[in-house]
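Here's a quick tour for anyone meeting this structure for the first time. Have a look at the model, then read on.

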Amino acid sequence: MESARHAHLCLFFSSSRAQANQAAAFLAEGLRANERGFIAAASLAAGRILAALERASASGDQITVLPLSVKSLDRDHALAALARSVKRRGVETVRVVGDMSGIQGALAQRHLLSLETELQRITRSFPIRVLCLYDVRRLSGIQASALLRAHPDMLRPPVDIVTGSSAARLRSQRPRKR
Amino acid sequence: MADDLLDIKAAAAVLKVSETSLRRWTNAGLLKCYRVGGRRERRFRRSDLMAFLESHAMHSTAGSLDAGHYCGFYTSDRMRAQQTARFLAAALSEGGEAFVSAQPRVRKAVVRDLVSEHPGLREAATSSRVTYVDFGAGLAAQYAAIEDALRRAAARGAHSLHVFGDVSGGTADAGVSFDAVIKFEADLDKLYHSQREVPTVLCLYDARHITGEQTVALLGVHPDTLRVPLTTMPA
């Protein structure tokens, strides 16, 4: 999976195997380029991704696992910890796999989108590539569309053409004058 | 030198657009270029590129769209009209032609939004540069109409064609299965990419009436929409 130096991407998976294999492929590409890798995920998913990395003959030694769950999730704290970790290690480029599937059902959509907005900001401040994983089987069309909008690096046409403008979305939620 | 002549690759890099877009704009007389050598290759002055960039950015808030087969998603009728109006604005401000396939009430809302956001395009929106057709006679008829539009545009030597289809709106009451829509789109994708001049196509879907998996399936048959493949591997 080719990606730019700054990138905020998303992946919609429909099986645990796809989740692990594609996350591992993304991290392995970084390891080959001597990048530092992070997995922000619940322990079960992180274990699956590390095992997939091993199957792909890539060492997980250079991967740092950060726990991610609704219980432990404090948006500002989690993102600040990630940024500190990046700075402390003095690495040039970082790859992060964020397994959002562990929290996508329990977290309100607006909180999830707020988290994604913050991640988008961070990817513009650091040489960082983030891949957010979502279980598409548990997404509605509206949620999937909103997530695409939150990952504009994924899209070739202007995001407003693909998912509508923010202003239009807000206006469409207001009652119409009769 | 600030005004060296740039070849088409360098000029495309300056504007961060494709070489196809540059060819389209020069063919339409929107962007000045010089022809050099026996093969009459295009050369561009940097100052002309900068002037074009400024005028184009001011004229079209939609910006330019590279040729390709895109899908988009809306969550209200109003959003659908606005997305379509922006798409058409990009087509018409480039001097191109458009083929709009949607229900009459949708087309009316689109033209209203287009004229409201881009008053300078009022005349173009109601001119022969835009062909409006109903999306309601079935997918086979729709495919034939698009094929015909592409053939006519090529025969006229149209320098660009933008195609819009309100697929959800057009198939909502027709009892069309989702699988049939996917096949229709896959066939169209082949048709578009077999053209000498690939058109710029936007197919809109109502996100309120599809699942996440269907969204991914639609992106799969509109692969130009994504910079990065969005795939789901089999279990």
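Between chain B and chain A, eleven residue pairs are in polar contact, with both residues at pLDDT 80 or more. A polar contact here is a pair of N or O atoms within 3.5 Å; within protein, one must be able to donate a hydrogen and the other to accept it, and residues adjacent in sequence count only if both atoms are side-chain atoms. On chain B's side of this meeting point, the elements giving two or more residues are strand E4 (68–74), helix H4 (77–93), strand E8 (200–206) and helix H10 (212–220). H4(B) gives the most, with six residues.

This is a predicted model, where local features need pLDDT of at least 70 and side-chain atom pairs count only at pLDDT 80 or more, while totals for chains, interfaces and linings use all residues. Residues are numbered from 1 along each chain as its sequence is written, chains are lettered from A and ligands numbered from 1 in the order in which they are written, and side-chain values use heavy atoms, with hydrogens and water left out.

**Where the chains meet**
- 38 residues of chain B are in contact with 38 residues of chain A, contact being heavy atoms within 4.5 Å.
- The rule finds one salt bridge across the interface, meaning a side-chain nitrogen of Lys or Arg within 4 Å of a carboxyl oxygen of Asp or Glu.
- That kind of link joins the side chains of Arg86(B) and Asp160(A), at 2.9 Å from N to O.

**How chain A is built**
- Chain A has seven helices and five strands; these are DSSP runs numbered from the N terminus, with helices (H or I) of at least four residues and strands (E) of at least two.
- Starting at the N terminus, the order is β-α-β-α-β-α-β-α-β-α-α-α.
- Of the 178 residues in chain A, 53% are buried, that is, under 20% relative accessible area with a 1.4 Å probe, protein chains only.

**A spot to look at: Glu118(A)**
- Glu118(A) sits in helix H4 (residues 109–125) of chain A.
- Glu118(A) counts as buried because its relative accessibility is 18%.
- Its side chain makes a polar contact with the side chain of Arg121(A), at 2.6 Å.

- Chain A averages a pLDDT of 81, and 77% of its residues score at least 70; pLDDT is the predictor's confidence in each residue, from 0 to 100.
- Within chain A, helix H5 (residues 141–150) has the highest confidence, at 94, and helix H7 (residues 166–173) the lowest, at a mean of 51.

Notes
Buried < 20%, exposed > 50% of the residue type's maximum accessible area, 1.4 Å probe, protein only.
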